[in-house]
Amino acid sequence: MSQIDNLPPLRSVIETHGIAAKKSLGQNFLLDLNLTAKIARMAGDLKGSDILEIGPGPGGLTRGLLAEGARRVLAIEKDERCIAALEEIAAVYPGQLEVVNGDALEIDVTGRLQAPIRIAANLPYNIGTELLVRWLSPPTWPPFWTSLTLMFQREVAQRIVAMPGDKAYGRLALLAHWRTDARIVMDLPPEAFSPPPKVSSAVVHLTALPAPRYPADPVMLNRVVATAFNQRRKMLRSALKPMGGDVEGHLTAVGIAPTARAEEIGLEQFCALSRSFSEV
């Protein structure tokens, strides 16, 4: 394995700082710096962009992002054991890496970064989906970021890019397709990680659209979609009963058969349905 910088190999970094991966933090470290550099390239041209990275661990992807020319990286790491290793990277890239020890679910990053902003991360498995939904569901659009390049379990990645009729199609796919172009750009086997997870992983790249594909109130759309897929095997006239009111009337008004199921309905129809509920 060739080095992408003059820093020690990641296995040496982990041994030096005693950073054994913790299951409680959803940690699986990617140690091949050639792979981390490749993931960084999947985020696009990083020159002139600030990068937000969540859960950098010992800094494999961090080093890839900086080596690929990121203007600046803000790395948020909850695990105190990793901070010293990340500070060693910051010393090699003076002024380009800011390390914050804290919980990504609680930290407001918007004041720490300058546009254009890209998010790139091997997300901790236990908070990855929640962070994605937050990034896809701001009250106003476009968001503070221009693109997301994120690693997930393969199953989650498939849920993000799924289309109507797919087994994985659901709320994540609808939220992603409503406001972004989303595609899987890379697959990684378990043996690429230390320790190897039980499942394969994949990198998803999402590019923010200038405006949502169809008009809808984000809060109502999220509510309608979540309710519809909460009981995905039921007909929509039954699954949407918790929404209240004349469910069948709303469905027929936008051209959806009351006997249809959520996995059969496309984004445009869900947006129309959410507008119908909003008008009550």
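This is a predicted model: local features need pLDDT of at least 70, side-chain atom pairs count only at pLDDT 80 or more; totals for chains, interfaces and linings use all residues.

Trainee: What makes the radius of gyration of the chain agree or disagree with that of a compact globule?

Mentor: The radius is taken over C-alpha atoms, and the globule rule is 2.2 Å times the number of residues to the power 0.38. For 280 residues a compact globule would have a value near 19 Å; the chain has 21 Å, which agrees. Along the principal axes, the C-alpha atoms fill a box of roughly 65 × 40 × 30 Å.

Trainee: Why are helix 6 and helix 7 called oblique to each other?

Mentor: Axes are lines fitted to C-alpha atoms, for helices over the stretch in contact, and angles run from 0 to 180 degrees between N-to-C directions. Angles under 35 degrees count as roughly parallel, over 145 as roughly antiparallel, 65 to 115 as roughly perpendicular and the rest as oblique. The axes of helix 6 (residues 154-161) and helix 7 (residues 171-179) cross at roughly 55 degrees and come within 6 Å; the two helices are therefore oblique.

Trainee: Which residues make that contact?

Mentor: Contact means heavy atoms within 4.5 Å. Helix 6 contributes Val156, Arg159, Ile160 and Val161, and helix 7 contributes Leu172, Ala173, Ala176 and His177.

Trainee: What makes a space a cavity or a pocket?

Mentor: On a 1 Å grid over the protein atoms alone, a cavity is a set of points where a 1.4 Å probe fits but cannot get out. A pocket is an open set with protein on both sides within 12 Å along at least five of seven lines, and lining residues have an atom within 4 Å of a point. A search of the whole structure finds 1 cavity of 30 Å³ or more; the largest cavity holds about 40 Å³. Its lining consists of Leu7, Pro8, Val13, Pro58, Arg63, Ala85, Glu88 and Ile89, and helix 4 (residues 83-92) gives the most, with 3 residues.

Trainee: What lines the largest pocket?

Mentor: The largest pocket, with about 460 Å³ of space, is lined by 36 residues, of which Ile54, Gly55, Glu77, Asn122 and Pro124 lie nearest its centre. Strand 6 gives the most to this lining, with 3 residues.

Trainee: Where is Pro142 found, and which residue does a cis peptide bond join to Pro142?

Mentor: Pro142 is in the loop between helix 5 (128-136) and strand 6. The cis bond joins Trp141 and Pro142, with omega about 5 degrees.

Technical notes: Residues are numbered from 1 along each chain as its sequence is written. Side-chain values use heavy atoms; hydrogens and water are left out. Helices (H or I, at least four residues) and strands (E, at least two) are DSSP runs, numbered from the N terminus. Grid points are joined across faces, edges and corners, and a volume is the space filled by probe spheres set on the points.
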